[in-house]
Amino acid sequence: MKVWMKYTVKKFISLVISLLFTSIVTFTAFQVIPGDGALSALGMDATEKQLEEYREEMGLNKSLPIRYINWLKDALKGDFGYSSQYQMKVSALISGRLNVTLWLAVLSFLLIIVVSIPIGILSARQNDGTLDVLITLLTQVFMSVPPFFLGLLITLIFGIILKWFTPGNYIDPGENFRMFIRFMMFPAIAVAVPKTAMTIKFLRSSLLREMELDYVRTARSKGMANISILFRHILKNALIPVITILAMMLADILAGSILVEQVFNLPGLGRLLVSSIANRDYAVVQAIVLYIASVVIIINFLVDLIYQWIDPRVKRD
Amino acid sequence: MIKPNGNTYSFNYVLGLSITSLVLLIVLIGFFYTPYDPNKMNVALKNSPPSLRHLLGTDNFGRDILSRVMKGAGTTYIIAVAIVFIGASLGTIVGAFTGYFGGWLDEVIMRLNDVLTSFPSILLALVFVSIFGPGSYNIIFALGVLFIPSYARVVRSEFVVLKERDFVKNAELMGAGSLRIMFVHILPNTKRVLIPALLIGFNNAVLAEAGLSFLGLGVQPPEASLGRMLAEAQSYLLDSPWYAIAPGLMITLTVLGFSLISGGLENEQG
């Protein structure tokens, strides 16, 4: 078997194990909650017979492993049960909210890449110049601002003072896509700024590390111009560790959007999660947690694969 | 600022120390004295902008924002210290044992660590809160437990390296017990990485508390905490925009100060 196949298979097996493990944990975690599922679904004045029937119907009287397998089977088919808060299917509820969160993640991710790469290069080229010192300090400052506070500041400055958007007035993409993107840019900036700062800092140190290596000296001694060394040799190598950081950030972006959705009143997955927690709507919480966790695990898997493709040294470890 | 060995500290390190001292001073004073009672309402003065009487203005109940920030930052700090204490002490024990003894248990625990650390901690904390309910004690417990893996990892990697060093071999030859070697001989040598990890951990704890309280799942009213205050400020952004600035700035300065210091410490050691 070729090395890359062996590596891929190994990673794939660990992907499956992680997903299974996560599903078991998500399922059992919510079984320790005290209280009777049937009683809370039917209310206090349900008769013993009704309760029994409900338990029978929902499979609540079966043993834990059997209930887990049933739950997993349904979950794989996309059925996560009913939301007690919204009185509708969890899957329908989630698919309605997913859009917003995905757009938020995509927009912030694009912002991070577009802004951080040029600034990171600029900062590394001017190593220890005034501009570099300024950029380094600013990145530290921006890394320290919590995204939800930034969201409040953006609402205050661009929403209330400059009136570039109406705070809280979310526009549905089906209604007016351009206005939707325009509105979403502001929460996306709030999510992106701290992560952009982090990427700049990381890219800068990665570039500086690469610049000291022998191949750069060789390229320079051949008489290659600094600028083309940077773009043709250094950047490619320096971006490898940055890609890992960016991919790990995707998970953080998803988590960060939970808070930012709250600030901007976006009807996304994060706000649904928070309101379901507050209203003890466990079927929804379970589904969202499993969903986000699976996305994180699959992203990590893909990063491992991309990584071995860009940097073949990885496979030999 | 000059170091004992004659070199100068980096600008960022000094800046970090100054910011942190200022912030800590405000919090420390807040434990003993606040200009007004932080929970005292005064309807006549509600949503009044910063003035000489109320330096940072008042909130929607006419409560003095400066007093609330001082007290609230104290609450946030106590929670953060408790979280780091739980995470760091248990994490150090786990890391010390797995790093020193190795073996299959080490493998298992480290794989588990990998899985846990790849998830955003706020998501795990939310799961915890949804099961055990909101409140300060619950988030201390939840986040404290969630912080264990990161410390276990840091301490473990140091132990793996240090246990091969001559001073450990010497101690073993002299008949010192494993526990003594681990905690008297090796542990003090991990401070190079442990101290920056504690500072960063404190930052993460402050941010996590603020985030959870902002969502209404952490500190419960009327108690003030920085995140709680931001949540209240959000509803009154139109009437009293100054309300959001003070607690938000306090969080930012806290995090900035500690990360500058920790960055400086890491650079010192190369």
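B:Leu230 sits among quite a group of partners: leaving out residues up to four places away in sequence, B:Leu230 touches A:Phe148, A:Phe149, A:Leu152, B:Ala210, B:Phe214, B:Ala244, B:Pro247 and B:Gly248. Here two residues are in contact if their C-beta atoms, placed from the backbone, lie within 7 Å. The model is a predicted one, where local features need pLDDT of at least 70 and side-chain atom pairs count only at pLDDT 80 or more, while totals for chains, interfaces and linings use all residues. Residues are numbered from 1 along each chain as its sequence is written, and chains are lettered from A and ligands numbered from 1 in the order in which they are written.

B:Leu230 also turns up in the largest nonpolar core, which has 142 residues; A:Ile288, B:Ala125, B:Leu143 and B:Leu230 are the members that touch the most others. A nonpolar core is a set of buried Ala, Val, Leu, Ile, Met, Phe, Trp, Tyr and Cys residues joined through C-beta atoms within 7 Å. Buried stands for 20 or more other C-beta atoms within 10 Å of a residue's own, exposed for 12 or fewer, and partly exposed for anything in between, with C-beta atoms placed from the backbone.

Now for the meeting of the two chains. On the chain A side 37 residues take part, in contact with 33 residues of chain B. Helices H1 (3–29), H6 (130–144), H7 (147–161), H10 (226–264), H11 (269–278) and H12 (282–310) of chain A are the elements that each give two or more residues to that chain A side. H10(A) supplies the largest share, eight residues. Sorted by class, the chain A side has 30 nonpolar, six polar and one charged residues. For this sorting, Ala, Val, Leu, Ile, Met, Phe, Trp, Tyr, Cys and Pro count as nonpolar, Asp, Glu, Lys and Arg as charged, and the others, Gly among them, as polar.

Taken on its own, chain A has 12 helices and two strands. Helices (H or I, at least four residues) and strands (E, at least two) are DSSP runs, numbered from the N terminus. Read from that end, the elements of chain A go α-α-α-α-β-β-α-α-α-α-α-α-α-α. The C-alpha trace of chain A spans about 90 × 65 × 35 Å along its principal axes. Of the 317 residues in chain A, 34% are buried. Among contacts in chain A with a separation of 6 or more, 72% join residues 24 or more positions apart.

H10(A) and H12(A) pack at an angle of about 170°, and their axes are 10 Å apart. Axes are lines fitted to C-alpha atoms, for helices over the stretch in contact, and angles run from 0 to 180 degrees between N-to-C directions. H10(A) and H12(A) are therefore roughly antiparallel to each other; under 35 degrees counts as roughly parallel, over 145 as roughly antiparallel, 65 to 115 as roughly perpendicular and the rest as oblique. Residues making the contact include A:Ile240, A:Ile243 and A:Thr244 of H10(A), along with A:Ile292, A:Val295 and A:Val296 of H12(A). By class, the contact of H10(A) with H12(A) has 14 nonpolar residues, one polar and no charged.

Chain B has 10 helices and zero strands. The C-alpha atoms of chain B fill a box of roughly 75 × 55 × 30 Å, taken along the principal axes, and 47% of its 270 residues count as buried. In chain B, 69% of the contacts with a separation of 6 or more are between residues 24 or more positions apart.

Helix H1 (residues 11–32) and helix H2 (residues 65–101) of chain B have axes that come within 8 Å and cross at roughly 105°. That makes H1(B) roughly perpendicular to H2(B). In this contact, B:Ile26, B:Val27, B:Ile29, B:Gly30 and B:Phe31 of H1(B) meet B:Met70, B:Lys71, B:Ala73, B:Gly74 and B:Tyr77 of H2(B). These residues divide into seven nonpolar, two polar and one charged.

Further along, helix H8 (residues 191–214) of chain B has 24 residues and reaches 34 Å from its first C-alpha to its last, close to the 34 Å expected at 1.5 Å a residue. That expected span is 1.5 Å times one less than the number of residues. H8(B) is mostly covered, with 18 of its 24 residues buried. Just after H8(B) comes B:Gly216, which takes a positive phi of about 85°.
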